[in-house]
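Dear colleague,

I am passing on to you the structure that we talked about, and my notes on it follow below. Please keep the picture open while you read, so that each residue can be found as it comes up.

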Amino acid sequence: MTWTSAFGRACRVLLYKIVRGLALTRISPNLLTFIGLVINTIAALLFGYANAANYNRMFMYAGLVIIAAGIFDMVDGRVARATNQVTVFGGFFDSVIDRYSDVALFFGLLVYYARANRFFYLVMVAFVMVSSVMVSYTRARAESLIGSCKVGFMERPERIVLVIIGGLFARWGAMAPVLWVLAVLSTITVIHRILYTYQQTRILEEQAAAAAAQQPVVAAERSSQQAGNAQQVPSFN
């Protein structure tokens, strides 16, 4: 057994114990989801409180807090399944709260760059915040039309991991390149999903048009068969 597999196994065991302990309390999975939002809001406050003198420390604290919030993000669904509390609303609520958590983190960075008078990165964070929301929106809107749209790389877990890296390694200036990566890859993901949805909707429209074109032919064949059958029926008049 390699050290990586041993580490992964230890993490799975720890996660199982956390889920089992929470399941025994019969806590609502929706409450766990909301607690994750509260913890992410604390991380956002740490980002916003940072200044030129303490931003290395504040960003590192924020990164650690986001990791703690990620634990709740990982266990809420598992607790729901373990306690038979899986509901349609629960999935909807989790998705909505995730969007609020994302916006809260970026809003904290907006406050930091505004207070630091760094206009370029203020605009950059605003762009990243909008594009991250659009990544989720394009998938949700596309799946209401074509059923599934999981294409693209920059999903929420990847975004959160990058923000954590930017926070933990802020001492070495990691947040700036993280924002660039988020901006570029999120935009590419949005464009990819738009193109994919366009292709899939064209296919569905062509299939619908072909089905509509076949209906008159089928109707004519049925009418012809009915007329033929009527002629074959003997008359006793």
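The side chain of Arg139 meets that of Glu155 in a salt bridge, at 3.5 Å from N to O (a side-chain nitrogen of Lys or Arg within 4 Å of a carboxyl oxygen of Asp or Glu). This pair links distant parts of the chain, since Arg139 belongs to helix α5 while Glu155, 16 residues away, sits in the loop between α5 and α6 (helices are DSSP runs of H or I with at least four residues, strands are runs of E with at least two, and both are numbered from the N terminus).

Before going further, please note that this is a predicted model, in which local features need a pLDDT of at least 70 and side-chain atom pairs count only at 80 or more, whereas totals for chains, interfaces and linings use all residues. Residues are numbered from 1 along each chain as its sequence is written, and side-chain values use heavy atoms, with hydrogens and water left out.

The count of salt bridges comes to 8. One of them joins Arg156 to Asp98, with their closest N and O atoms 3.7 Å apart, and it too links distant parts of the chain, because Arg156 lies in helix α6 and Asp98 in helix α4, 58 residues apart. Both Arg156 and Asp98 are buried.

How far apart along helix α4 are Arg99 and Asp102? They are 3 residues apart, and so are separated by about one helical turn. Their salt bridge has its closest N and O atoms 3.8 Å apart; of the two partners, Arg99 is partly exposed at 22% relative accessibility, whereas Asp102 is buried at 4%. To return to the bridges as a group, the side chains of Glu155 and Arg139 form the pair described above, while bridges that share partners join Asp73, Asp98, Arg99, Asp102, Arg156 and Arg159 into one network.

Turning to helix α2, you will find that residues 29–49 make up its 21 residues, and that it reaches 31 Å from its first C-alpha to its last, close to the 30 Å expected at 1.5 Å a residue (1.5 Å times one less than the number of residues). Buried residues of α2 include Pro29, Leu32, Gly36, Ile39, Ala43 and Phe47. Val38 is also found in this helix, but Val38 is partly exposed, with a relative accessible area of 39%.

Most residues other than glycine have a negative phi. Arg26, in the loop between α1 and α2, has a positive phi near 60 degrees, and Arg26 is exposed, with a relative accessible area of 52%. Asn84, in the loop between α3 and α4, likewise has a positive phi, of about 55 degrees, although it is not a glycine, and Asn84 counts as exposed at 72% relative accessibility.

Finally, please look at Trp172, which has its place in the loop between α6 and α7 and counts as exposed at 64% relative accessibility. The C-alpha atoms of Trp172 and Asn56 are separated by 8.7 Å, although the two residues are 116 residues apart along the chain.

Methods: Buried means under 20% relative accessible area, exposed over 50%, partly exposed in between (1.4 Å probe, protein chains only).
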